[in-house]
Structure formats: structure tokens, C-alpha cells
Amino acid sequence: EKYDFRTHFPIVEAGTWAVREAAGCIEFEQSLTYNGVGYRYVKRIEISAERKGTFTVAHSLQNTGSLTLKTSHYNHAFIRIDDKPIGSDYEVHLPFDSGEHAITIEHGGYGGVQNKVIKFLKQVDPGVRLWTPLNNWCSSKVAHSQFAVVNRAADAGIKMSLDKPPTTFNFYAEVTAACPEPFIPIELSPGEKMEWTNTWTMGSVAEVLAK
């Protein structure tokens with residue numbers, strides 16, 4: 001059966017889970033083996049002791065099976081600032097020029113991409129889903145896997161930096177969240193291991209856009 005991320009498939013093997021907590025951090029681990037597919041995945045969320053308003057999400061994936069693991073990955077972030085619905089107070093800042101184009105899946109007229117900034121014309125209504133692929137990112141530039149989301153009315157924002165270059169970069173939004181989606185490629189032969197880290201920094205609009 002062909003895979004589609006919108007389809008619900010039965011779970012045939014859920015693997016085993018472990019959770020570990022310590023001061024300022026929490027770590028999740030999943031191990032799975034099924035029909036030649038095997039992996040050990042660890043995600044560690046940690047508050048920075050050195051940088052105010054910063055936390056990291058560190059990932060580690062090891063292929064423990066006999067088959068190659070090949071996929072793409074993104075860390076889905078549903079961003080909402082001060083519990084304010086997504087609307088004209090929000091902006092999404094990109095490190096590359098995506099050109100000028102609309103944002104839509106089923107609905108139009110709510111916002112668009114204006115070169116390096118995604119802007120909303122009005123508040124997104126409940127039930128409305130907005131989506132667009134972004135253009136002109138470079139698959140060899142690590143800096144193109146970052147973004148910032150700000151709310152100018154709240155004078156607050158958050159910036160995400162990823163230490164791997166993108167293989168795809170999309171944007172999704174609904175009334176409850178704005179979701180920039182930089183994907184990275186994963187291809188691991190048996191025994192190989194890959195690590196990557198998302199760094200999140202919060203602050204005022206000026207602070208977030210200056211960093």
C-alpha cells in the first residue's frame with residue numbers, strides 16, 4: 001500500500017519507549033525492530049544555562065536494522081505567541097528570497113509570501129488551512145534551515161536554527177498556529193548514526209530578528 005501522510009495506517013509495531021528527566025532537560029527514546037527495519041531514536045530537549053530564552057532539541061538516530069533507512073524529517077512546530085490567533089500581527093521571516101506568491105490549500109485571501117517575509121492580511125478563520133511550498137532555498141546552505149516567527153502587537157518572537165541544510169521547505173498555518181517546515185534528508189545504512197539539533201531563541205521582535 002502506497003504511503004500518504006494524510007492516511008491513517010494500523011500500527012503493527014510501536015517499539016519501546018523510555019523517558020528520562022533531569023534538571024533543565026527531558027529525553028525521549030524509542031527503539032524499534034520489525035522485518036529488517038530497526039532504529040534507536042533519542043530526542044533531548046534542554047534549556048540553555050548560558051543563553052537566556054534559548055533551548056535546544058537534539059536528535060540522534062541510529063540504524064539498528066538490516067535495511068537502509070531513507071526518509072525526510074522535519075520537527076513540526078506549532079507556533080502561537082501569547083495565545084494570540086494567527087493574523088495580521090504575525091510575520092514569518094525567512095533567510096532566503098522565496099519570491100511573491102499566495103498561501104493556500106483550500107482557502108485564499110488570508111496572506112502571502114513577500115520575498116523574505118510571510119505576511120497575513122487578516123485573522124485566519126477557524127477551519128481554514130493555509131499551505132505553500134517555499135522557493136529558492138539552497139540544499140547546501142545550513143543557514144537556509146532557519147526562520148523567525150514574530151508577533152508585532154505582543155513585541156515577541158521566536159527563532160529556530162537547524163544545523164543541517166534543507167531538502168524541502170514548506171509553510172503551513174491555521175488559526176491556532178504558524179508552522180514553517182524545513183525538511184532535512186536522512187539516509188542511513190545499517191549501523192550508521194546521524195545527529196542534528198534545533199536551537200530555539202525567544203525574545204522581543206528586535207532581539208529575535210537581530211540574531
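The model is a predicted one, and a search of the whole structure returns 6 aromatic pairs.

Among these pairs is the one formed by Phe55 and Trp200, whose rings are stacked, with 6.2 Å from centre to centre and 10° between the planes. The two partners come from distant parts of the chain: Phe55 belongs to strand E4 (residues 54-63) and Trp200 to strand E15 (residues 193-203), a separation of 145 residues. Phe55 has a relative accessible area of 23% and is therefore partly exposed, since buried residues must fall under 20%. Trp200, with a relative accessibility of 6%, counts as buried. Both residues also take part in an aromatic cluster, which Phe55 and Trp200 form together with Phe147.

A second contact worth a look involves Tyr74 and Phe183. Their ring centres lie 4.3 Å apart and their planes meet at 50°, so this pair is tilted. Here too, distant parts of the chain are linked: Tyr74 sits in the loop between strand E5 (69-73) and strand E6 (90-93), whereas Phe183 is in strand E14 (residues 177-188), 109 residues apart. Tyr74 is partly exposed, at 25% relative accessibility, while Phe183 is buried, with a relative accessible area of 14%.

The ring of Tyr110 has the charged end of Lys122 over it, at 4.6 Å from the ring centre.

Note on methods:
Residues numbered from 1 in each chain as written. Predicted model: local features only at pLDDT ≥ 70, side-chain atom pairs only at ≥ 80, totals over all residues. Heavy atoms only, no water. Phe/Tyr/Trp six-rings, centres within 6.5 Å; stacked < 30°, edge-to-face > 60°. Helix = DSSP H or I, 4+ residues; strand = E, 2+ residues; numbered from the N terminus. Buried < 20%, exposed > 50% of the residue type's maximum accessible area, 1.4 Å probe, protein only. Lys NZ or Arg CZ within 6 Å of the ring centre and 35° of its normal.
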